[in-house]
Amino acid sequence: MKTILLTIAALGFAVSPTLAHECPLLHKQVMDAAEYRLDDAAFKAKMMAAEGDDLHKAGKHDESVAKYDAAAKELGITLVHKPK
């Protein structure tokens, strides 16, 4: 029984990254691009990224991705999305 439970747990950890949403990846890209900038675009992008993080935490992943895309546009960068 113990072996079965450990096997199930190991499979869960192995599969979970593939099921994860891309929101944290996009958040990191926006924040890295805006980190050392002090202009208005960087400030707006950081605020949008915070809103995107709130949407992600609320389970609204499509809206979160759209918010990160808008933040990237504000910064003039292109985000790298996970392949579907």
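How do H3 and H4 run relative to each other, roughly parallel or roughly antiparallel? They are roughly antiparallel, and the rest of this report builds up the picture around that pair.

First, some ground rules. This is a predicted model, in which local features need pLDDT of at least 70, side-chain atom pairs count only at pLDDT 80 or more, and totals for chains, interfaces and linings use all residues. Residues are numbered from 1 along each chain as its sequence is written, and side-chain values use heavy atoms, with hydrogens and water left out.

**The overall layout**

The chain has four helices and zero strands, so the order from the N terminus is simply α-α-α-α, given that helices (H or I, at least four residues) and strands (E, at least two) are DSSP runs numbered from that end. Of the 84 residues, 25% are buried, where buried means under 20% relative accessible area, exposed over 50% and partly exposed in between, using a 1.4 Å probe and protein chains only. Take the contacts (heavy atoms within 4.5 Å) with a separation of 6 or more: 62% of them join residues 24 or more positions apart.

| Pair | Angle | Axis separation |
|---|---|---|
| H2 and H4 | about 20 degrees | 10 Å |
| H3 and H4 | about 170 degrees | 8 Å |

Axes here are lines fitted to C-alpha atoms, for helices over the stretch in contact, and angles run from 0 to 180 degrees between N-to-C directions. Under 35 degrees counts as roughly parallel, over 145 as roughly antiparallel, 65 to 115 as roughly perpendicular and the rest as oblique.

On that scale H3 and H4 come out roughly antiparallel. Their contact includes Ala42, Ala45, Gly52, Leu55 and His56 of H3, along with Ser64, Tyr68, Ala71, Glu74 and Leu75 of H4, among others. By type, the residues of this contact split into 10 nonpolar, four polar and six charged. For that count, Ala, Val, Leu, Ile, Met, Phe, Trp, Tyr, Cys and Pro are nonpolar, Asp, Glu, Lys and Arg are charged, and the others, Gly among them, are polar.

H2 and H4, on the other hand, are roughly parallel. Among the residues making their contact are Cys23, Leu26 and Val30 of H2, and Ser64, Tyr68 and Leu75 of H4. This contact has 10 nonpolar residues, three polar and no charged.

**Two buried spots**

Ser64 lies in H4 and is buried, at a relative accessible area of 0%. Setting aside residues up to four places away in sequence, Ser64 touches Cys23, Gly52, Leu55 and His56.

Ala42, in H3, is also buried at 0%. Beyond its neighbours within four places in sequence, Ala42 is in contact with Ala34, Arg37 and Leu75. The C-alpha atoms of Ala42 and Leu75 are separated by 6.3 Å, though the two residues sit 33 apart along the chain.

**The core**

The largest nonpolar core has 13 residues, and Leu26, Val30, Ala45, Tyr68, Leu75 and Leu79 touch the most other members. Such a core is a set of buried Ala, Val, Leu, Ile, Met, Phe, Trp, Tyr and Cys residues joined through side-chain atoms within 4.5 Å. H2 (23-34), H3 (40-57) and H4 (61-75) each supply at least two residues of this core, with H4 giving the most, at five. Ala45 touches Val30, Ala71, Glu74 and Leu75, again not counting residues up to four places away in sequence. In soluble globular proteins, nonpolar side chains tend to be buried together.
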